[in-house]
Amino acid sequence: MAQRAVWLISHEPGTPLCGTVRFSRRYPTVEKRARVFNGTSYVPIPEDGPFLKALLFELRLLDDDKDFVESRDSCSHINKTSVYGLLVGGGELWPVVAFLKNNMIYACVPLVEQTLSPRPPLISISGISQSFELLFGIQDFLHLGQKNDTELNTKLNQLPDLLLQACPFGTLLDANLQNSLDSINFASVTHPQKQPAWKVGTYKGKPQVSISITEKVKSMQYDKQDIADTWQVVGAVTCKCDLEGIMPNVTISLSLPTNGSPLQDILVHPCVTSLDSAILTSSSIDAMDDSAFSGPYKFPFTPPLESFNLCYYTSQVPVPPILGFYQMKEEEIQVKITVNLKLHESVKNNFEFCEARIPFYNRGPITHVEYKVSFGQLEVFREKSLLIWIIGQKFPKSMEISLSGTVTFGAKSHEKQPFDEICIGGTAYLKLHFKILDYTLTGCYADQHSVQVFASGKPKINTHRKLISSDYYIWNSKAPAPITYGSLLL
Amino acid sequence: MSSRHAPRAGGPAPREPVVARSGVAPETSRFHLGGPGCWTMGPLSRETWAQRLGAFRASPSAFMAGPEGEDLGRDLLNELRSEKLSEQTKVSLLALSLEYPAQLWPDAAAAEAAATSLLDTLVLLPPRPSALRRPLLLAATTALAAGDALGPTSGASRRLLPLLLGLASGRDLGRGFGPASEQRPLQATACECLRELESCKPGLLGGCLGLLRSLLGQEGPVQPLSLLLALALRNTLVIQARARAGLQGLLVAGDMPAAGGPWNWTLAEEADAHLQPQAPSWPAAEEEECGLAVLEPSPEEARELRAAVAQLLDTSYLLTPVAQAQLLWLLGWALRGLRGQPPVLFKPQLVRLLGTAQLTLLHAVLALKAAFGEALFTAQDEALLLRRLTLAAQHPALPLPAHLFYLHCLLNFPENCPLGPTGEETAPLLLGPRLCRGLLPSLLHDPSALLAHLHLLCLLCAEDEEKEEKGQDWCPRHYLGELLAGLRQRAALHGGPRALATLCFQASYLVVHCLATQPTVLTPLTHGLARLYRARPALAPHFVDLLDRVGPELGEPLRTALRQEVVSRPGRDEALRWHLQILSKVADGKAPSATLGFLRAAAAHCTDWGLQQALLQVCRALLRAGVGEGLADLLQALARQLEDPDGRDRARLYYILLAHLAGPKLGVALGPSLAAPALTSSLVAENQGFAAVLMVQEAPAPMRLSVGPRRAAGPVPVLQLQVEVLEPLYSVELRFRVEGQLYAPLGAVHVPCLLPGRPCRPLHLPLQPRRPAPAQLAVRALFATPAGLTCHAHLPPLPVNFADLFLPFPRAPDGDKQGFFEELWDSCLPEGAESRLWCPLGPQGLEALVARHLDPFVVVAQPPTSYHVAIRLPPASRLLLRLEAAQGDGVPVALRTDDWAVLPLAGDYLRGLSAAV
């Protein structure tokens, strides 16, 4: 259960190599074991240059995909996971765990403690999940609070030292690299007995507990007879517990109002010490009925020092917060659009912001717009072929607003206007972006009084809530739209 | 904060790494400026090292091959003791040695020396806090383990191991090892180093199990000690099980080896003999297979083992999630082969683990599931685990790579009672359509996500095969059809990225792979693909690839559909290149007239070499398929009309082949496929393909020929040849040549087919002697092999004996045989010759001798004493013999012939008769 090597590669389309190795680390003692375990199927870790080239080719991130290349484009070359085989130096390096996130490619090669021919299933390779954790850990570290390239570079420069702590010999000790950074800084603190490895020091200061519930609502609305609209709430509860003592015990209860929507699919942080079986089994897979467990949801845990996600959940609320339709008709070089949005009466009508983005893909730049809005204002981004309808902080009393207009396009030039593989012809969407503070769609809240802390001193408890939109699509009802199985009313 | 962090945390200048990691190689020339000498003369500055390390990292092999390569390892070790370099620079140097020891110190001796030097540097450090102790320990460990230097004869090993063990046990090692504040981190580091050494040399710590247990029970750092103990425990159990030895009290014994005392290498050396690819800790590998014999510990050992495992598990919550997962894998492996070790010890951990979203933890639970099955997971537990896995595979809070991995785990789920064949991905029995609802593919998915979910959908469709279409809430096949149509629509997009097309074909391939027997799926798929071709012929390479890889279930109908799609178009089309590529793949003997019509129309538009070659490639496919009619006309026309001489030549060649070779031969001659024609001449490429086939090739003799019993009858002597073959031969032609022109030229003998083991009737070879004399026949065989090649072989020469030429005279009139003989006898003289000679007889006597050799030629017989023999010798000679008054051991023979040249031959013949019996 170890890693042979790890890389961070920035994807730079348009440059000659299309990418740069920003960080790499090899583990020669693991490599030595790989040579023994893999036997004749052993393929050594290549140098950075060949690795970069092979990985970008396999991930289709080289700019050149004009021609059919069998080793990449063959129909039988099927990849169903983020694990790849790379052709390097006459052999195939496998398994290479890799994914692209925010223009950065995270990659590593776990040790497989057996022959690679035939390939064992991934589930039987213990190093695979460790690879993912390592890469997720690096990703979290790089993007936590990162604002710009300078910060990214600073963090990249810290990586060699951090990995020396978190993964000195290729066996990952802690995926939380921030923790390793802290451990370098906490090194002088004398560790008492039974200090958890995931908590490198102890907190000294005023006790306080912050609980923040963030709900994201996503939706696919079609306004069609035979296709059901779908929407789902995904919640994340983030905690920061500043408490003295090595292992303070905390219990947080999440509660719902009487008409609240039950929480389902609950995943908890590993620091949670026990779970009610009702929480473990409450699942969106089952049909909902009145008997569904509706809380309170108790989470006893011993907190780490840093801010962490106590749990995630999903929920199926009875109605989407904003219901709308979008109609778009193509007429030669122009399209006619009509949009109608209605805020549900139960939703708090006090947004931090609310806007609807209406993109036009696979067309030329916008040359002319004629429109009428019942509320808010419309911004036109001609080159991007995008309209943004700024709705603002509140819906009007009627809770219903509309936009209609005609958009004319110029000639298409491939370089500038956005291409989209889904929005072909009349297939089009508008996407809602909004945020409501101090509100959750499920009604879920953490009652200050229900937070139990077994530690010295009475902590101050802060709670926050917010609802934000995420992937909130309203599809043109006058054309086909991509559907998921759940949308089929059969 | 301790002062050692000052250079890192503070200072006005932000800390910069010494190693340039831009990935852009600095110009190498920069490093030649000072010449190689500059590296070794005196200490190098921080900047010089930064450049040097940057150049090394950009390409280690290129750097090591360069002038500075050789000295790098030595310089690095020296610089570590330099007082001028900052600690941070030295840490960078050590970091390099952690990654590239094999390049710096390429053999075991160099590694040993490097480790020794690193240890020396370590002990020479002043007693103040230093950031170097930890990386020095790591570097010395790496140098030994990666450099194959670890062992009982290595001095560095003998120093490092007790040092690490001392540090790990928190023993006071004196002021040399820094202030007390550094002891704790060094203790953890020492554990990590020991764990790495144990990983590379299993059994190394077998003698320290008891010590490690007691350390864990005391104040030691929980995580490093737990992982070290778990690994050492697992390795010991594996080694002892292989050696069929017990635990021998290893778990309780345990003071540490005396300082300076010898290290116990017994177990490590035991393991060394077995160091080989390890079987996975996964159930598919049977215990015997992985060499893990079932270990049966004594009750006392079992109790100690349980206590050790419980100790580890009880404190596992103090470990980071990834470390917990490692612990579970190790312990699962350790206990799997043990009898009497119920896995219930793991049970208390499971509920806690099942609730998390942590990938490694869920994976470790699956490993336990695989290792222990029903012994640890009841049917309800299994159902719960499956539900949590299903949930994790679609939970919106988790990233896509995790979803895909969980989906993989679902399709490889270690079921308690698996039904399907092992080794193939299947949907677990409990994973019904209801559970899968959220796992179905959608066009909004990424390519790999779509394929993963599509695979699951296909498996469900396959399961659904026998059931009637239910139509209400579950109609996976319908959904599958819609999805594929959506993929094709995207692939048809002109100017769209190739990835979309690739995805469409991969999805189609996957569907055919899983659902090859379902016409309700394949028929619309075929039509859909044909429509896709109509919309975007530029996808031809994808179609060709698909046809190459799918079975006949889709391949046959798709070929037909594509052929119809192409030939129904006018020959002048922008996409002509693609049409021709498709046709060369799908053209077969069916409906040749439409295909030929298309080609005729297309020929006028094939204006460049590439198109002409593509056109001829289709002709080639038709030739192979045996299309004759119409094709000859087309080829002739092409041979005249094509602009490019190469194209004309190739067309002419095909025409000649078509005109001269029979169908099957043509198929073979044109081979399975032609490599892409050489840029200059397609004929050259073509020739490589079939020159061998069209030329007669020399082969070793595949048959044995021998002369069978004589058949003295008819107007001319006829040899009866017997043939035996070693392999099937077809169209065999045997050619004979007589040396010395003794006979008239011989005709060839033809046999359609010769098979080994099947008796062949004798072959008749008529001889036309010009003189009655024995001869040698040279023999050659021409034949076709089953592979269609024409070969020739020289066979050993065939002797024709004097007696082989004998023919009887036409039958004498019944009444007067004696008179007939006497007449012949008298006619020999005076031109001929007469002789008397002695013919020795064997034990069987005259009667038997005559019966055996001369019977057909006897004219008058008075058995057993007197025989008159008349032999005709073609072309026009006669030989007459009187064998009379035989004695015991011989018979006097009176001999006359009309050809004196026959006399010596006859004499030899008669004298040899008795020996020939």
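Into which domains is chain A divided?

Mentor: The model is a predicted one, and chain A is divided into domain 1 (2-183), domain 2 (208-319 + 441-474) and domain 3 (322-438). Taken over C-alpha atoms, the centres of domain 1 of chain A and domain 3 of chain A lie 40 Å apart.

I turn now to the interface. Chain A gives 108 residues to the contact, and chain B gives 125 residues. The size of an interface is often given as the accessible area lost when the parts come together. Here chain A and chain B bury about 10,200 Å² between them, with 63% of that area on carbon and sulfur atoms.

Between the two chains there are 4 salt bridges. A salt bridge joins A:Lys80 to B:Glu425, with 2.6 Å between the closest N and O atoms. Polar contacts between chain A and chain B, with both residues at pLDDT 80 or more, number 37 residue pairs. On the side of chain A that touches chain B, the classes are 55 nonpolar, 28 polar and 25 charged residues.

As to confidence, the predictor assigns the complex an ipTM of 0.95 and a pTM of 0.80. Chain B has a mean pLDDT of 82, and 84% of its residues reach 70 or more. In chain B, pLDDT stays under 50 over residues 284-291, where the model has 12 contacts beyond four places in sequence. Over residues 673-680 of chain B pLDDT also stays under 50, with 15 such contacts. Where pLDDT is low, the predicted coordinates should not be read in detail.

Definitions and conventions: Residues are numbered from 1 along each chain as its sequence is written. Chains are lettered from A and ligands numbered from 1 in the order in which they are written. This is a predicted model: local features need pLDDT of at least 70, side-chain atom pairs count only at pLDDT 80 or more; totals for chains, interfaces and linings use all residues. Side-chain values use heavy atoms; hydrogens and water are left out. Contact means heavy atoms within 4.5 Å. Buried area is the accessible area (1.4 Å probe) that two parts lose on being put together, summed over both. A salt bridge is a side-chain nitrogen of Lys or Arg within 4 Å of a carboxyl oxygen of Asp or Glu. A polar contact is a pair of N or O atoms within 3.5 Å; within protein, one must be able to donate a hydrogen and the other to accept it, and residues adjacent in sequence count only if both atoms are side-chain atoms. Ala, Val, Leu, Ile, Met, Phe, Trp, Tyr, Cys and Pro count as nonpolar, Asp, Glu, Lys and Arg as charged, and the others, Gly among them, as polar. Domain bounds come from an automatic or database domain assignment. pLDDT is the predictor's confidence in each residue, from 0 to 100.
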